[in-house]
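Here is a short report on the fold. Keep the model open while reading.

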Amino acid sequence: MIRIENLAGGYKNTPIIEDLHLEIENGEFFALLGPNGSGKTTLFKLITGQLPIQEGRIFLSGKEISLLSKLEKAKKVSVLTQEVHASFDYTVEEIISLGRYPYQKGIMKQLSKADREVIEDVMERTKISKYRNTQFRMISGGEKQRVLLAKAMAQEPEILLLDEPTNHLDIKHTFHLLDLLKEQQQKNGLTIFAILHDLNLASLYANRIGLLDKGRLLEVGDVDTLRKEEQLKQVYEVQVKTQAHPAVSNPQILMTPQHAANEKPIDLVKSYKLVKNKNYIHIQFDQPMRTISNGVIGEGIQWLKHFCNFHVDKHYNCSDPKRDLQERMDSYQIPHEQAVGMMTAVNLEDKVIETQEIEGIQMMVIVTAGVGNAVDIASEYTPNSASQIGTINTMVFIDAHFTDGALVNGYMSATEAKVKALQDLDIRDPQSNTIATGTSTDALLLALTQRGSVTQYAGSGTVAGKGIGQLVYQTTHKAVKKYLKRVQNNGIY
Ligand SMILES: Nc1ncnc2c1ncn2[C@@H]1O[C@H](COP(=O)(O)OP(=O)(O)OP(=O)(O)O)[C@@H](O)[C@H]1O
């Protein structure tokens, strides 16, 4: 445990750190954050004893730091700093052996069997065994960092102090090192105090963070503290936005560069190319559009340039439709990493494309509709094995600037409009014989140019929402009627 009381200290008589209180629990991973010059290294040096304390006290595992002997301190605390000395004329294994020094007994200070086992173990875990006989000065900056971590771990400390431990590391080794530290923390109860510059890594690995600004701790809290965008903007003087990580609940922070504000936005009408044939519909824009979709490819909220609807057989049954669609796109040189991809068994000749300008907002809607598998979402669930032509795929392109909230609103508006079209056409769920609300596999996308003033809402109480609703309603209505006509003429196709 580390306890810091009323700490002041710095260089000569100028205190950089002032009136600092902090308590780090046993077995906690604490990340110290703050802009350049905020005093992180100074605080670190006060804790390690490299700088004298001007005021206050620091306790390590309950004992005041000034009362600990050098040997006692070496058994409690390991330190890993940014200063990687290339002048060491030792092999990697010899450097790591130095970590066992506090445990060696007698005048000869020989390594015991237990010491050797610890050294082997840390070399294995930091993946540096193969360099054991290599001179330390002959390995790369990242490898040196791993060797010094192995040396720190060989010390088997209660507390590990790290100053920018991932500084020289590539992403693989950054994550490997932090995973290793996390494992030591979780399995062995190691207490970790790390200065980190990368807010996103801090969010992924730390239990708590401290935000240092001008020598004072502005806030100490769990990683959700990083959701305070205004505070981060004030401290770091950059535009930040907190985003959700796709797999873990910890916040991730995105920075907006200055030049983004000057980028020329795209023009909806002038900047797209449309290819339509019996195999697919492909709309390509010059620049990425802000997109929300549930496509087989390109799902979620993204920036994408290509929007595709591929024709498949009505008996289509593929174990990996995503891969299948990617391969189809590749065969037409459509970059699937930048695309939304939908599928339909509907005859693509029956697509309906409508454009309209509502209150100065240009919109285009493309719908392919089949209602053979129409479903009333509110009726009781019955597995549907019928292979009818039955998907409504809707693409909505809008020349406007939506927030993420407005994108979700717009998605609702488009869905409500589709439901209304089905209601007016008296499309029924064949199982329940009630009015259908959609089909079992409908896909929808909204793509925005992000031009003009920011629109916060796009529900039915707004011009944008009404525009989406009207155009999606008309287009869906026409597309379903085309489908019904084809069924009437050909029987079920
Ligand atoms: N040896 C020194 N003598 C005098 N002042 C120093 C010395 N080292 C640092 N400072 C000053 O102390 C302040 C805090 O520096 P410190 O290195 O602690 O910041 P930091 O938060 O670690 O910055 P960075 O993120 O750039 O590493 C700075 O204003 C710096 O100029």
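Strands here are DSSP runs of E, at least two residues in length, numbered from the N terminus. Two strands count as paired if DSSP finds at least two bridges between them. Strand 11 covers residues 239-244, strand 12 covers residues 251-256, and the two pair in the antiparallel sense over 6 bridges. Within this pair, Lys241 has Leu254 of strand 12 as its bridge partner.

**Overall layout**

The model is a predicted one. The protein holds 11 helices and 24 strands. It is divided into domain 1 (2-256) and domain 2 (272-490). The centres of domain 1 and domain 2, taken over C-alpha atoms, are 51 Å apart. The radius of gyration is 31 Å, whereas a compact globule of 493 residues would have one near 23 Å. Along the principal axes, the C-alpha atoms fill a box of roughly 100 × 45 × 45 Å.

An open sheet of 4 strands has the order 2-1-4-5, with antiparallel pairing. Strand 2 (14-24) and strand 5 (63-64) each have a single partner strand, so one side of each is left without a neighbour in the sheet. Helix 1 packs on this sheet and touches strand 1, strand 2 and strand 4. The direction of helix 1 makes about 70° with that of strand 2. Further in, strand 1 (residues 2-11) pairs with strand 4 (residues 53-60) in the antiparallel sense, over 6 bridges. Ile2 has Leu60 in strand 4 as its bridge partner.

**The ligand shell**

Helix 1 also matters for the next topic. Which helix gives the most residues to the shell around the ligand? Helix 1 (residues 40-48) does, with 3 residues. The ligand is surrounded by Tyr11, Ile16, Gly34, Asn36, Gly37, Ser38, Gly39, Lys40, Thr41 and Thr42. By class, the shell has 7 polar, 2 nonpolar and 1 charged residues.

Another open sheet has 6 strands in the order 6-7-8-3-9-10, and its pairing is mixed. Its edge strands are strand 6 (77-80) and strand 10 (216-222), each of which pairs on one side only. From one strand to the next, the twist averages 15°. Inside the sheet, strand 7 (residues 159-163) and strand 8 (residues 191-195) pair in the parallel sense over 5 bridges. There, Leu160 has Ile192 in strand 8 as its bridge partner. Helix 5 (residues 141-154) lies across strand 6 and strand 7. Helix 5 runs at about 175° to strand 6.

Now move to domain 2, which spans 272-490. Strand 14 (residues 280-293) pairs with strand 15 (residues 300-311) in the antiparallel sense over 10 bridges. The two form a hairpin with 6 residues between them. In the turn, Gly298 has a positive phi of about 80°. Ser293 stands opposite Gly300 in strand 15. How many bridges join strand 15 to strand 16? There are 6, and strand 15 and strand 16 (residues 339-344) run parallel. Phe310 has Met343 in strand 16 as its bridge partner.

**Strand pairs side by side**

The table gathers the pairings described above.

| Strand pair | Sense | Bridges |
|---|---|---|
| Strand 1 and strand 4 | antiparallel | 6 bridges |
| Strand 7 and strand 8 | parallel | 5 bridges |
| Strand 11 and strand 12 | antiparallel | 6 bridges |
| Strand 14 and strand 15 | antiparallel | 10 bridges |
| Strand 15 and strand 16 | parallel | 6 bridges |

Definitions and conventions. Residues are numbered from 1 along each chain as its sequence is written. This is a predicted model: local features need pLDDT of at least 70, side-chain atom pairs count only at pLDDT 80 or more; totals for chains, interfaces and linings use all residues. A residue is near a molecule or strand if its C-beta atom, placed from the backbone, lies within 6 Å of it. Ala, Val, Leu, Ile, Met, Phe, Trp, Tyr, Cys and Pro count as nonpolar, Asp, Glu, Lys and Arg as charged, and the others, Gly among them, as polar. Two residues are in contact if their C-beta atoms, placed from the backbone, lie within 7 Å. Axes are lines fitted to C-alpha atoms, for helices over the stretch in contact, and angles run from 0 to 180 degrees between N-to-C directions. Domain bounds come from an automatic or database domain assignment. The radius of gyration is taken over C-alpha atoms; the globule rule is 2.2 Å times the number of residues to the power 0.38.
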